[in-house]
Amino acid sequence: MKEYSYDDIRSSIRPTLGDSVPLSLFRILRIIGMRDLLGESAGPTLYMMGKSVGNMLAPKTMDEFQTTIKELRIGIPEIEAATEDRLLVNLRECITCAGFSNTGEMFCDMESGIIAGLLEKVFNKKARSTQTKSWSVGYNYCQFDVVLY
Ligand SMILES: [Zn+2]
């Protein structure tokens with residue numbers, strides 16, 4: 001199986017439809033399709049996928065970290081707190097859960113992985129991210145607790 005890079009997939013020729021797709025399509029694939037296909041392993045799989053995507057995008061600074069997340073419209077990241085080995089990242093307008101009803105379950109595993117993967121490159125350390133807030137558990141933003149080690 002061939003491996004494709006970010007450059008390979010960026011080029012699109014869609015003169016009428018352009019390079020945007022409805023958020024509902026993303027959520028059908030992400031929240032319905034992936035969970036149907038992967039079941040209980042959807043969370044860990046999406047986290048690992050997000051992590052490799054974050055590593056591939058490889059930001060060098062916190063500015064680039066924030067710009068990357070915003071430009072890909074994953075959400076609007078805000079650093080709520082940061083120490084040498086821990087960051088609390090809030091994500092406003094999360095691509096997966098913003099506007100979602102309170103289901104009592106958090107499932108922004110891909111976003112969690114992307115944030116961890118990006119931060120690994122910024123700090124040149126390993127990162128483990130845990131989601132602590134989501135629209136789907138009654139907040140109006142997402143939050144990730146990231147440990148650097
Ligand atoms: Zn979310």
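Predicted model: local features only at pLDDT ≥ 70, side-chain atom pairs only at ≥ 80, totals over all residues.
Phe65 touches Pro59, Leu118, Leu119 and Val122, leaving aside residues up to four places away in sequence. Phe65 itself belongs to helix H4, which covers residues 62–71.

**Surroundings of Phe65**

- Phe65 counts as buried because 23 other C-beta atoms lie within 10 Å, where 20 or more are required.
- Between Phe65 and Leu118 the C-alpha separation is 6.4 Å, although the two residues are 53 apart along the chain.
- Leu118, Leu119 and Val122 are among the contacts of Phe65, and helix H5 spans residues 109–123.

**Helix H5**

- Helix H5 has 15 residues, and the distance from its first C-alpha to its last is 21 Å.
- That reach is close to the 21 Å expected at 1.5 Å a residue.
- Of the 15 residues of H5, 14 are buried, so the helix is largely enclosed by the rest of the structure.
- Just after H5 comes Asn124, with a positive phi of about 55°.

**Residues with positive phi**

- Most residues other than glycine have a negative phi.
- Ala58 has a phi near 45°, a positive value in a residue that is not glycine.
- The position of Ala58 is in the loop between helix H3 (42–57) and H4.

**Packing of H2 with H3**

- Helix H2 (residues 23–38) packs with H3 at an angle of about 115°, and the axes of the two helices are 9 Å apart.
- On the H2 side the residues that meet H3 are Met34, Arg35 and Leu38; on the H3 side they are Ala42, Thr45 and Leu46.
- Sorted by class, this contact comprises four nonpolar residues, one polar residue and one charged residue.
- An α-helix has 3.6 residues a turn, so residues three or four places apart point the same way.

Note on methods: Residues numbered from 1 in each chain as written. Helix = DSSP H or I, 4+ residues; strand = E, 2+ residues; numbered from the N terminus. Buried ≥ 20, exposed ≤ 12 C-beta atoms within 10 Å, placed from the backbone. Contact = placed C-beta atoms within 7 Å. Expected span 1.5 Å × (residues − 1). Axes fitted to C-alpha atoms, helices over the stretch in contact; angles between N-to-C directions. Nonpolar A, V, L, I, M, F, W, Y, C, P; charged D, E, K, R; others polar.
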